Amino acid sequence: MKFSDNLKMSYSGLTTHMSRSVLTILGIVIGITAIIIVMALGQSAQNLIVGEIQSMGPETIVVLPGKQPKGLSDVGGSILGDSLKEKDFKDLSKKENVPDAVNVSPVVFSSINASYSSQTYDTLVLGISPSLFKTFSLEVRAPGTLFGQNDVNERSSVVVLGNKAQTELFGNSDSVGEKIKIKGKNFKVIGVLAKKGQSSFVNFDDHIIAPYTTVQDLSGLKYFNRITVTAKSVDAIPSVIKDIELVLRTNHKIDDPKNDDFYIQTQEDLVKSVSSITDVLTIFLGSVAAISLVVGGIGIMNIMFVSVTERTREIGLRKALGATNKNILVQFLTEAVILTVAGGVIGIIFGTGLTALTVVVLNKFAGINFTFSFPIVGALLGIFVSSAVGFIFGIFPARKASLKSPIEALRYE
Amino acid sequence: MLIETRGLKKIYSIDGSETPAVNGINLEIKEGEFVAIIGPSGSGKSTLLQILGCLDRPTDGEYFLDGKEVSKYSDDELAHLRNKKFGFVFQSFNLLGRLSVLENVELPLIYAGVSESKRREMAVKVINSIGLSDRIDFETMRLSGGQKQRVAIARALVNEPRIIFADEPTGNLDSKSGRAILNFFEKLHEEGHTIILVTHETFLAESAERIIHLKDGLIEKEEIVNHKSYKERKFFK
């Protein structure tokens, strides 16, 4: 017997009870739809976050104080750590120490309250060196300027406002040239950043940016919260990391790498950790959706058992006409698999449609820059899983059908 | 000898008590014979037919088909045998109502693995020969009883079987349709087919060459039908 004949036979068996078939596959449709949505949105979220991380440039390496956090409770160590000193920065900046680094700049931040006339604004002041403007591709709005190396050297009292900081303090009026007060000291606003949005977990729009020396003076901090090092190329990253470790271990008198009081994060590390988090989330949500597939599969099995009993005479007749046990098994198994695969295909269509809709809604109304891409992996998985469900839950009813004796089946009323 | 049985038995065990339906039957049927098996209900005639048609297995005894002992064949071998060598006509037609006349007649050929074009050609030929060519695409559930049984006969013939088994083929038909069906069997017999017919009505059995009377699972007597008188009777009808 040819498989194409078997397909036709199974198809006509199913269309005999069209509405029943449609209702039976609902569970599968819902399950596959849910899996597609979870996978597609998970992928979009991951793309979004990874895209932001990578906007910093893949050559950027961040040196942080403290031990590498092993979990959420460890994060405090890297924020409060004071192991990165001025000397470390100076030594890292020396070409002979880290030959493959093209730029080394420290970052220091401090929580402050800024005020202008009667307006006040609680925010973070970020102390950076001017080279970081380029690293984060920050641009200033005309009229206005960014600060330069001179301002760092002279510890100038100048600030650049993030977009939101400007609005909070000045409303719609012009701020360039005005003076704001932070901790009782006056700072001249020399520029306002173009709206940038969330980037690499720092929203520059919210903050006030100043030369790092100025912020050190302001907060009295003698250490850095982080030092960013830009390698000359992605390939040079490992050698740069090695050099940084050597310099810092020498400076901190550390023999055993286990005792490091700093840790180094590459963009790749960040992407990896973010991807692993979104992957875990996707798998978790996907498994919840998979439960409905099991329920749907049980529904299919139930209906297939009913169908086998109803069609006992048909089975007997087919056997009398020469159908082997295998012919009958394959016929009923094919019916179950056609049902679940049809459910899977409908689920993929629904899931893709709903995902596209969600992406449009998120973009329009929530301003989240999700991109929609057809979830190919999800679709393939959906087809595979739905046919597997049909196979697993169809095999018992099909086996029951195949083992019916022709004469018992023909006698069945 | 086409069919030969020795001590054929079929015993049903219900709640521990054993009921013999066929209780040791020795039978010989030659190629081309038209044999009627007759007896009251419960005499075991249908069970005997089912065993001869390899739809069921005997509990005891031997069944030689073309000299081969088939009662120990596997399920698949029996299915193959039924497909290639047997044609069945049942009292309740057993057509697949949603399928067309053509599709019903094609069924045995599908299991024989015949190609679609060849299948169609063979089925159409048989359907024409039973005079249903104008109904070929009808769903069989829309046909009358007599037409349904003709479709069933076409289905039984399409694989060019060695033996046609008919179990009360006219039982669900009015006398006119029944007569027409019987004429088909007579014609098939004249063409050389081997036919084994089960019935409980004497006048139907008289179409055959030989009548086997069953009672309580045993052969009570056998009689050879006087064909001359049969043909005369048909002539004077």
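Start in chain B with an open sheet of four antiparallel strands, ordered E2-E1-E4-E5. Strands here are DSSP E runs of at least two residues, helices are H or I runs of at least four, and both are numbered from the N terminus; two strands pair if DSSP finds at least two bridges between them. This is a predicted model, where local features need pLDDT of at least 70, side-chain atom pairs count only at pLDDT 80 or more, and totals for chains, interfaces and linings use all residues. Residues are numbered from 1 along each chain as its sequence is written, with chains lettered from A and ligands numbered from 1 in the order in which they are written.

Color the edge strands of chain B, E2 (17-29) and E5 (68-69), each pairing on one side only. Next, pick E1 (3-14) of chain B: its antiparallel pairing with E2(B) runs over ten bridges. Zoom in on B:Thr5, and you'll find B:Leu27 of E2(B) opposite.

Now show both chains. Here 19 residues of chain A are in contact with 19 of chain B (C-beta atoms, placed from the backbone, within 7 Å). On chain A's side, H1 (3-15), H12 (312-320), H13 (325-366) and H15 (406-411) each supply at least two residues. The largest share, five residues, comes from H12(A).

Last stop: select B:Phe165. Leaving out residues up to four places away in sequence, B:Phe165 touches B:Leu49, B:Leu52, B:Gly53, B:Phe86, B:Phe88 and B:Ile196.

Key:
Two residues are in contact if their C-beta atoms, placed from the backbone, lie within 7 Å.
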